[in-house]
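Please look at the sequence and structure before reading on.

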Amino acid sequence: MTRRLLSGWGGTAAVISDVREPITVAEVGAALAEPDRGVIGRGLGRSYGDAAQRAGGVVVSTLGLRSPVTVDTDSATVTAGAGWSLRELIDELVPLGWFFPVVPGTADVTLGGAIAADVHGKNHHRSGSLGSHVRSLDLITADGRLHRLDPQGASGRAFWATVGGMGLTGVITEATVALRPVAGDRLAVTTRRHGDIDAVMTALVEADAAHEYTVAWLDLADPARGGRGVIDAADHLDQAAPVRATGSTRATVPPLPVNVVQPPVTRVFNEIWWRRAPLRPRTTAGSFARFFHPLDAVASWGRLYGPTGFTQWQMAVPVDAADAVRTCAERLANGTVPPSLVVLKRFGAADAAPLSFPQPGWTLAVDLAANDPATATLLDALDDVVVGAGGRIYLTKDARLRPDLLAAMYPRIDEWRAERDRLDPGRRMASDLSLRLGLV
Amino acid sequence: MNDAFGRPQTALVVGGGSDLALAVLDRLDVTLVRVGLAARSADALASAVADRFTAEVRTFHFDAADPTEHATMVDEAAEWLGDIDLAIVAHGDLGQPFSLETTPEEVARLISVNHAGAAAACQAVARCLAAQGHGTLVAFSSVAAMRPRLGNLPYASAKAGFDAFALGLDHALAGTGARVMVVRPGFVHTKMTAGLAPQPLATDAAAVADAVVDGLVKGKSVVWAPAPLALTPALRILPKALWRRLSER
């Protein structure tokens with residue numbers, strides 16, 4: 001047991017927890033049995049907010065849960081311990097001709113964490129979120145018992161409460177996930193500029209019809225730029241090529257005494273990103289690493305925001321709520337602190353998990369320095385726009401949502417709570433997120 | 001829990017009648033769910049703040065002169081609040097203008113309330129925050145702690161001791177997830193200073209509250225209100241004769 005100061009990837013609201021590092025099922029069960037202030041699992045700490053910490057409570061590191069990676073070519077599935085990172089899995093799978101079905105914006109997340117957050121990727125419009133590709137998972141509940149859960153059948157409710165359940169049903173130890181066949185690690189990437197947000201949104205609809213992976217980057221650093229953007233669309237190349245897979249980090253940001261992501265820096269950064277995109281659309285062969293995880297090349301890039309850290313605000317609104325996207329983009333661009341990274345994407349069908357974030361429609365994600373009360377007030381106001389449009393905020397990114405909006409954003413929350421309470425009647429599983437939002 | 005912007009869901013104010021502390025709560029009311037106010041006349045305070053906040057409010061009895069009750073009061077408040085996300089120790093007694101006529105008993109009383117009572121309350125809160133593994137303690141010091149003037153001598157010297165204690169307490173809390181933020185307001189128009197001649201850079205409770213909320217977001221360890229008062233320590237190097245002339249005005 002070690003007492004460690006923990007925070008999420010955004011580096012905000014740090015707290016002290018007792019960290020356990022179990023390797024066996026019995027050790028996980030023992031760690032879950034003790035706490036009087038709650039216990040939560042934690043993988044690589046990539047949740048932006050307070051989902052994987054419990055102040056004064058116990059945090060179970062899942063990094064030791066590394067049962068062997070086995071690929072079953074007949075069923076096209078991989079089974080692995082929950083502590084493996086997606087980077088490690090992809091590096092093993094790609095040379096064998098397989099790719100992970102859903103990869104989020106960073107490969108440095110654990111398999112267990114990815115399921116608990118029900119992560120989505122740039123292919124959500126076609127493939128949905130990770131939960132719909134999980135064939136089974138092993139969960140240790142707070143009473144120390146190991147359960148094998150399947151998406152259908154008797155354990156279906158527990159399975160879907162665990163997918164997207166933010167670790168609050170127990171600790172995932174192992175999972176079996178369906179794979180996608182690939183010839184190599186190369187993608188055909190088409191990059192295209194669009195002059196304003198309306199053009200970006202129209203083009204994104206068209207791109208989704210034609211491509212497996214799509215994402216738009218918006219420039220909201222200056223209202224005069226009208227929300228111009230660059231769309232990257234990609235498909236796997238069929239030709240076999242030497243495998244480079246996920247690549248490695250090229251630089252590390254040290255702890256910085258001040259926030260360097262100041263408005264002028266953001267404006268210059270966005271100008272460079274815009275100019276880097278070709279004037280005319282161009283298709284090039286790109287690597288997985290560059291397309292899926294461009295930020296992974298710089299380790300600890302969140303430290304650029306200085307000691308006060310940053311928050312990511314990610315919302316999803318229904319298809320017919322495009323106006324809400326425009327309203328949010330406009331208000332962010334006119335805010336006191338311009339958002340640095342802004343990503344726009346369209347979601348396809350939702351999966352069966354009551355607490356899963358993606359719903360058909362639009363999703364907008366922005367990074368903002370957490371150093372100004374005005375930013376907090378702005379995001380509170382944007383939450384109201386999102387709720388008004390029938391949308392929601394991504395709990396994996398959240399560090400500041402008002403609890404009274406939760407039920408409107410996640411209308412199936414009581415269904416989730418009922419199943420969660422059945423799995424953990426003593427309510428031992430708890431995170432700072434669950435306490436802050438009254439999830440449990 | 002405190003959010004990414006340092007905004008609390010629960011708060012305990014020791015010296016709950018303080019205009020400054022209540023102004024801070026006004027700013028934080030958007031995220032506050034439960035507020036505990038501890039004061040000597042808890043019932044009078046309860047009616048004074050009725051309907052002021054959307055958060056649920058409960059009052060607790062607190063007598064700065066009796067430190068034997070402080071730990072019990074904090075435990076009782078923490079029990080009701082859940083965790084203490086934010087604690088504000090804000091009670092202060094300026095006393096009558098100081099002179100050689102002031103009795104020794106009055107000097108002892110002012111120093112006991114403003115220093116011993118406040119430090120003991122901070123200690124009770126700090127132990128609670130350390131156990132819960134998070135939380136912020138806002139300790140209201142005063143710019144007077146940096147350079148006492150003749151008229152507020154017992155208050156200012158007590159605040160100097162309290163200020164030193166609060167800074168040290170932040171050191172003691174390092175590695176616990178909890179921290180102390182020391183606030184040093186200048187002359188603030190409140191009921192405590194009613195009838196006194198304002199000093200240079202006088203401000204009001206709302207402006208001090210803004211500075212405190214900004215300090216919570218930025219994770220500051222010391223907040224001056226208004227900000228230019230951060231130059232006050234430079235007054236320590238003024239020649240004695242010059243300082244005395246300035247401070248008597």
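## Two helices of chain B

At roughly what angle do the axes of helix H3 and helix H4 of chain B cross? This is a predicted model, in which local features need pLDDT of at least 70, side-chain atom pairs count only at pLDDT 80 or more, and totals for chains, interfaces and linings use all residues. Residues are numbered from 1 along each chain as its sequence is written, chains are lettered from A and ligands numbered from 1 in the order in which they are written, and side-chain values use heavy atoms, with hydrogens and water left out.

The axes of H3 (residues 70–81) and H4 (residues 104–132) of chain B cross at roughly 45 degrees and come within 9 Å. Here an axis is a line fitted to C-alpha atoms, for helices over the stretch in contact, and angles run from 0 to 180 degrees between N-to-C directions. Helices (H or I, at least four residues) and strands (E, at least two) are DSSP runs, numbered from the N terminus. H3(B) and H4(B) are therefore oblique to each other; angles under 35 degrees count as roughly parallel, over 145 as roughly antiparallel, 65 to 115 as roughly perpendicular and the rest as oblique.

On the H3(B) side, B:His70, B:Ala71, B:Val74 and B:Ala78 meet residues of H4(B), among them B:Gly117, B:Ala120 and B:Cys128. Contact means heavy atoms within 4.5 Å. The residues of this contact between H3(B) and H4(B) are eight nonpolar, two polar and no charged. In this count Ala, Val, Leu, Ile, Met, Phe, Trp, Tyr, Cys and Pro are nonpolar, Asp, Glu, Lys and Arg are charged, and the others, Gly among them, are polar.

## Helix packing in chain A

Helix H6 (residues 197–210) and helix H9 (residues 322–333) of chain A have axes 11 Å apart and pack at an angle of about 140 degrees. H6(A) and H9(A) are therefore oblique to each other. From H6(A), A:Ile197, A:Asp198 and A:Met201 take part in the contact, while H9(A) contributes A:Ala322, A:Val325, A:Arg326 and A:Ala329. Five nonpolar, no polar and two charged residues make up the contact of H6(A) with H9(A).

H9(A) also packs with helix H10 (residues 373–388) of chain A, at an angle of about 170 degrees and with the axes 10 Å apart. That makes H9(A) roughly antiparallel to H10(A). Residues in this contact include A:Cys328 and A:Leu332 of H9(A) and A:Leu378 and A:Val385 of H10(A). The contact of H9(A) with H10(A) has nine nonpolar residues, one polar and one charged.

## Between the chains

In chain A, 29 residues are in contact with 21 residues of chain B. The area buried between chain A and chain B is about 1800 Å², and carbon and sulfur atoms give 61% of it. Buried area is the accessible area (1.4 Å probe) that two parts lose on being put together, summed over both. A:Arg37, A:Pro373 and A:Arg436 supply 23% of the area that chain A buries against chain B, more than any other three residues.

Two salt bridges are counted between chain A and chain B. A salt bridge is a side-chain nitrogen of Lys or Arg within 4 Å of a carboxyl oxygen of Asp or Glu. The side chains of B:Arg7 and A:Asp380 form a salt bridge at 2.8 Å, N to O.

## Backbone details in chain B

B:Ala225 and B:Pro226 are joined by a cis peptide bond, with omega about 0 degrees. B:Pro226 is in the loop between strand E9 (222–225) and helix H7 (240–247) of chain B.

B:Asp51 is not a glycine, yet its phi is positive, about 70 degrees. The loop that holds B:Asp51 runs between helix H2 (42–48) and strand E3 (56–61) of chain B.
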